[in-house]
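Let's take a walk through this structure together, one step at a time. Keep the sequence and the 3D view side by side as you read.

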Amino acid sequence: MTGGLRIALPAGALFEDACRLLAAAGVAEIDPARLDRQLSLVTRSATVVKVRPTDVPVYVEMGACDAGIVGKDILWESPRDCYELVDLRFGACRLVLAAPEGSPLTRGSFPRSLRAATKYPVAARRHFDSMGLAVELIKLHGSVELAPAMGLADCVVDITASGRTLTANHLVEVAEAGRSTARLISNQASLKTRSGAVNQLAAALRRTVMGVDIGPGSAPPARGGRSAP
Amino acid sequence: MSALQSPARGRAGGFVDWIGAAAQRRRAVTEALVDTFASWGYEYLATPLVEPLETVAAGVGGGLQTQLFRFMDADGSLLALVGERTVSVARVVATQLQGSPPPLRLCYAGPVLFNRAPLGGRRREAMQAGCELIGHPGLAADAECIAVAAAALERAGIAGVQIDVGHADFVPSLLDSANLDAASRARVAEALRARDLVAVEEALRGTEAGDAERELLLAFPTLRGGREILDTAGSRITAPRPRRVLADLAELWTVLDRHGITASVHLDLGAVRDWDYYTGPTFELFSADLGWPLGTGGRYDRLLEAFGAGAPATGFVLHVDRCCDALLRGAGENGGAPVLRLGYAAEQAREALTVASRLRGAGVAVALDLEPSVLRPGEPLGDGRAHLDGGGFRWRLRGREGGGLDALLAASAEDAG
């Protein structure tokens, strides 16, 4: 039904849920283990490729794929010329500002000069701007929680799903800077030149996430929204 | 100095050297587009690569200003390399061409530049060719622009072009009639601008938006189709402004039908365009082989006011490099003329010049060898080669071969026809 669409899936945390969703929606039966080995898979209804999460919007914007599944957190950092069609509701996580236990930040007091470590400089900048704070951002590529303990930064802006990593590193959430879930995105031309197939894909995924549990890690139950247009 | 040590071998990121067949294709496509514009009566004009920053800022996508190459003039004022050329045409119309009897039909072709981060896969220099039809407020002008753009792409050899026609006032008028408070309206408009339908849904949730408007705003990627989509949408809308848009599009469809191009036209009510710039019908051209529009256009009745010479205007731009990409991906091919390399024996050096000259006059591209050569009897010629010696003139071109100049002229005339 989705007529040979090329779909990009993100490797990593969202990958298995994305495969389950495509299967549950009747788009494509994909064995995650197989896609692990060969990176691309041609089924009767779609060609599915597995790429780094940050590369999904690149494949879709450039037209190498018609559609993709990617976390909203990725889209914050590298906005691309794509359509964001459906909130797929799984892979839920939050972007939070967190500071060490006992820091004045945890009492709502923000010093004039503040350094924040983050993997998400764009979203962090937007959050601090909205708070009217001029913060020096330090872009890191991993283990952000370590930065305050080592004196690299006063606080962190990072993604958390359960909050366990924060607690383990003696960090306290100060504010929420954003909420992320997986999204279906589409190439701007594909939405026009393959509109039937892309809209069917969007409708099928939307129906599925509204009504059916897609397994572990899935989002909270439907928020009483509307069905597909 | 060895090549590796030479400091002069670098090339700025995001820029391309066009070489060989790619360069030929790019030139041929540009010429096909501009020739089509000329055949519809559009007068060619050339504007500078550099404009004052404030001139550029008046144009489409003021937000794109951060993506321009900017620098300082000798007097300290700011200049920019142009990122699009409509604004330059508008400046010319408002100054040198002021007072010309309308309508003005103008066209251009030239590079535009963007100072965006390299490595994103997007080039920083692009060739654009476009038309502006200035001084006519009616849908006949909008339809003509769409027809010219379609004809130009066809002449450039691009098959199966799809034209999506929308209207810049449809979504804004829907928002205004949707009974939204100012903050929600701004949020929905921003989300639509960002093409983020998830955010549109979030912004509409809990608002007082009327059911018809809400449904249309949420369904917007599916608001596409033929003439019938206007009736579908019309049956749900009562507010006069969006209904006027639908009536405009119905009339535009009729005119496009007279142009004979509705088979490749989709009406797209959810078209997301720069609503601050466009004021009427808008359109985008797509090829199934490419993830980007080949061209975009629309009515922009407010731009000329910015230059103190208000006039209705409509126009479009075609992206030459994307057209070349589409051709490469297989949506047809623009057969560039092959070059015939002509060799000759030393005694025939003078005659070879005459032969080359006659061939060029007949439209055959000829590159003359710089040294005489000997072709042994029976020695085969490679394709695209000819040889002239005491034994006569032999040639081989596009898989055909023969003897004698007249036979070659006849064959190439046949190919051209």
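We begin with how chain A is divided: domain 1 covers residues 5-91 + 181-211, and domain 2 covers residues 93-179. Keep in mind as you look that this is a predicted model. Taken over C-alpha atoms, the centres of domain 1 and domain 2 of chain A are separated by 30 Å. Where the two domains of chain A touch, domain 1 gives 4 residues and domain 2 gives 7 residues. On the side that belongs to domain 1 of chain A, the residues are 1 nonpolar, 1 polar and 2 charged.

While you are in chain A, look for A:Arg89. You will find A:Arg89 in the loop between S5 and strand S6 (93-100) of chain A.

Now let's see how the two chains meet. Here 19 residues of chain A are in contact with 18 residues of chain B. Which elements of chain A give two or more residues to the side that touches chain B? They are strand S5 (82-87), strand S11 (182-187), helix H8 (190-193) and helix H9 (195-211) of chain A. The largest share comes from S5(A), with 6 residues. Sorted by class, the side of chain A that touches chain B holds 9 nonpolar, 6 polar and 4 charged residues.

Next, cross over to chain B. The domain assignment of chain B gives domain 1 (14-158 + 293-336), domain 2 (169-272) and domain 3 (339-416). If you mark the C-alpha centres of domain 2 and domain 3 of chain B, they lie 62 Å apart.

S3(B) pairs with strand S4 (residues 78-81) of chain B in the antiparallel sense over 3 bridges. For one residue pair to look at, B:Arg70 has B:Ala80 in S4(B) as its bridge partner.

B:Pro102 and B:Pro103 are joined by a cis peptide bond, with omega about -5 degrees. B:Pro103 sits in the loop between helix H3 (86-94) and strand S5 (104-113) of chain B. As a rule, most peptide bonds are trans.

Let's finish with helices that pack against each other. Two packed helices are described by the angle between their axes and the distance between the axes. Take helix H1 (residues 20-39) and helix H4 (residues 139-155) of chain B: their axes come within 8 Å and cross at roughly 140 degrees. Because of that angle, H1(B) is oblique to H4(B). The crossing of H1(B) and H4(B) is right-handed. From H1(B), the residues B:Ala32, B:Leu33, B:Asp35, B:Thr36 and B:Phe37 meet B:Val148, B:Ala151, B:Ala152 and B:Arg155 in H4(B). The residues of this contact divide into 6 nonpolar, 1 polar and 2 charged.

Another pair is helix H6 (residues 182-193) and helix H7 (residues 197-204) of chain B, whose axes come within 8 Å and cross at roughly 170 degrees. What does that make H6(B) in relation to H7(B)? Its angle makes H6(B) roughly antiparallel to H7(B). B:Ser184, B:Arg187, B:Val188, B:Ala191 and B:Leu192 of H6(B) make the contact with B:Ala199, B:Val200, B:Ala203 and B:Leu204 of H7(B). By class, the contact of H6(B) with H7(B) has 7 nonpolar, 1 polar and 1 charged residues.

H7(B) also packs with helix H8 (residues 211-218) of chain B, at an angle of about 165 degrees and with the axes 10 Å apart. That makes H7(B) roughly antiparallel to H8(B), and their crossing is left-handed. Here B:Val200, B:Glu201 and B:Leu204 of H7(B) make the contact with B:Arg214, B:Leu217 and B:Leu218 of H8(B). This contact has 4 nonpolar, no polar and 2 charged residues.

How values were computed
Residues are numbered from 1 along each chain as its sequence is written. Chains are lettered from A and ligands numbered from 1 in the order in which they are written. This is a predicted model: local features need pLDDT of at least 70, side-chain atom pairs count only at pLDDT 80 or more; totals for chains, interfaces and linings use all residues. Helices (H or I, at least four residues) and strands (E, at least two) are DSSP runs, numbered from the N terminus. Ala, Val, Leu, Ile, Met, Phe, Trp, Tyr, Cys and Pro count as nonpolar, Asp, Glu, Lys and Arg as charged, and the others, Gly among them, as polar. Axes are lines fitted to C-alpha atoms, for helices over the stretch in contact, and angles run from 0 to 180 degrees between N-to-C directions. Angles under 35 degrees count as roughly parallel, over 145 as roughly antiparallel, 65 to 115 as roughly perpendicular and the rest as oblique. A crossing is left-handed if the near helix is turned anticlockwise from the far one by less than a right angle, and right-handed if clockwise. Domain bounds come from an automatic or database domain assignment. Two strands pair if DSSP finds at least two bridges between them.
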